[in-house]
Amino acid sequence: MVPRTPTHQDSLTSADVRAKHREYLFPAVANYYREPLVLAEGKGLRLKDLDGREYLDFFGGILTVSVGHANDHVNAAVKAQLDRLGHVSTLYPTVPIVQLAEKLSSITPGQLRKCYFTSSGTEADETAVMMAQVYTGSTEVVALRHGYSGRSMLAQSLTAQAPWRAVPTQVAGVKHALAPYCYRCPLGLTYPSCGVRCARDIEELIRTTTQGRVAAFLAEPIQGVGGVVTPPKEYFQIAVEIVRRYGGVFICDEVQTGFCRTGTWWGCEAYDVEPEIMTMAKGIANGLPISATICTPAIADSLKSLTISTFGGNRVSAAAANATIEFMETHDLKTNAARQGARLREGLERLQRKYPRVIGDVRGMGLMQGVELVVDETAGNRTPNPEATARLFEETKARGLLVGKGGLYGNVLRIAPPLVVTPADVDEALSKLDESFAAAGA
Ligand SMILES: Cc1ncc(COP(=O)(O)O)c(C=O)c1O
């Protein structure tokens with residue numbers, strides 16, 4: 001980590017920050033760990049807390065820090081842009097924003113060409129659904145159980161996990177299809193003899209719970225918050241064909257899976273489907289707030305009303321995004337995500353063989369992997385085990401490893417390091433995980 005000039009932050013200890021957090025923030029802003037961790041500085045994958053303890057980051061700010069903390073290339077672009085021009089809003093076109101839009105249109109699949117910029121994944125999904133509704137003239141939308149779309153009223157209505165829904169469904173017309181969650185198949189079937197019935201059921205859902213036409217099918221290629229639920233390879237072709245037959249478009253939510261995370265630019269590439277609308281956020285600008293909705297020209301052209309997002313396309317965030325994408329290309333992070341992802345997966349499967357009782361499932365793609373913890377897989381008892389997950393969390397923290405958590409029951413480890421991770425980092429994380437499983441009594 002680089003030496004830096006002391007700031008007012010240096011007068012506070014971790015205990016001070018935790019106390020102020022408890023006093024002044026909504027209690028619902030949940031922190032990880034029995035004693036929340038106050039992170040103060042970082043470089044690459046290495047972080048330090050306010051008390052000087054070091055950590056290896058395998059969650060990257062919930063998959064936002066795609067090219068490493070304090071990345072020199074991105075930070076130089078941010079500083080240069082900050083010094084050059086204050087915020088001007090979307091009322092004026094700027095260089096960073098048109099450069100970013102052009103780039104996104106060249107790296108996204110199929111006919112995706114026109115961008116709308118906002119500041120969060122929630123807003124990108126909101127924009128996508130609105131565009132699908134305007135374009136198709138229908139309002140009903142198919143989303144997926146266990147999916148996560150954010151925290152606005154619409155995004156909470158799209159989200160299908162009770163713990164993330166503060167209020168009852170507010171937006172009518174959202175229909176939730178069965179999740180392609182093979183480990184806990186909602187139909188009690190087994191892949192591949194199931195014939196991917198969960199996808200085929202979308203036809204029955206549309207015919208019985210909508211007017212027979214829909215605006216869209218919105219889904220994540222891998223359900224991140226849902227616990228890295230990874231659909232079988234045929235899933236999207238079947239689901240999207242049905243939705244198109246009933247007038248809808250496919251909105252692919254790449255907020256987590258985008259930007260090389262899964263070993264390709266986009267998660268949907270593994271499924272060989274091209275969406276009409278794609279949303280992205282998180283890893284786009286290495287942690288600066290920006291999101292995008294990109295769609296076909298016909299869909300973009302269908303919006304005739306005025307629309308503005310004051311901070312959408314913020315020129316500093318856009319400059320960060322341009323530099324982040326440039327860094328990904330120059331360092332071929334797509335290949336690194338595939339290679340290190342395979343190494344990580346192999347190691348996690350080794351741990352599954354070593355701790356077969358508690359590790360029920362290992363799944364994911366590239367550098368987006370999940371480990372589902374259950375009561376006793378060897379005895380066929382797949383009851384979710386959030387207690388073991390919480391114990392493991394404390395043990396990994398004690399060994400200086402940060403990972404994430406997800407799933408409806410809070411029993412899935414989410415492992416997603418920045419894409420600049422090295423083989424040595426992967427091995428270190430696996431060995432810390434191994435020690436943590438042993439210490440947690442797995
Ligand atoms: C797939 C997906 N979509 C949308 C969102 C919402 O993004 P944000 O929290 O930036 O509003 C998230 C956030 O985790 C997400 O994982």
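Biologist: Hi! Which residue has a polar side-chain atom 2.8 Å from an oxygen atom of the ligand?

Modeller: That's Q256. Keep in mind that this is a predicted model.

Biologist: Thanks. And how much of the ligand's accessible area does the protein cover?

Modeller: The protein covers 83% of it, where the ligand on its own has 390 Å².

Biologist: What about D253, how far is its side chain from a nitrogen atom of the ligand?

Modeller: An N or O atom in the D253 side chain sits 2.7 Å from a ligand nitrogen. There's also a backbone case: a polar backbone atom of Y148 is 3.4 Å from a nitrogen atom of the ligand.

Biologist: Good. Which residues come nearest to the ligand?

Modeller: There are 13 residues around the ligand, and G121, T122, D253, Q256 and K282 come nearest.

Biologist: Which helix gives the largest share of that shell?

Modeller: Helix 5, residues 121-136, with three residues.

Biologist: And how does the shell split by class?

Modeller: Six residues are polar, four are charged and three are nonpolar.

Biologist: Changing topic: where does G52 lie?

Modeller: G52 is in the loop that links strand 2 (46-49) to strand 3 (54-57).

Biologist: Why is G52 classed as partly exposed?

Modeller: Because its relative accessible area is 41%, and partly exposed runs between the 20% limit for buried and the 50% limit for exposed.

Biologist: Last one, how far is G52 from E41 in space?

Modeller: Their C-alpha atoms are 9.3 Å apart, and the two residues are 11 apart in sequence.

Definitions and conventions. Residues numbered from 1 in each chain as written. Predicted model: local features only at pLDDT ≥ 70, side-chain atom pairs only at ≥ 80, totals over all residues. Heavy atoms only, no water. Near = heavy atom within 4 Å. Polar contact = N/O pair within 3.5 Å; in protein donor to acceptor, adjacent residues only side chain to side chain. Areas by Shrake-Rupley, 256 points an atom, 1.4 Å probe, with all protein chains shown as cover. Helix = DSSP H or I, 4+ residues; strand = E, 2+ residues; numbered from the N terminus. Nonpolar A, V, L, I, M, F, W, Y, C, P; charged D, E, K, R; others polar. Buried < 20%, exposed > 50% of the residue type's maximum accessible area, 1.4 Å probe, protein only.
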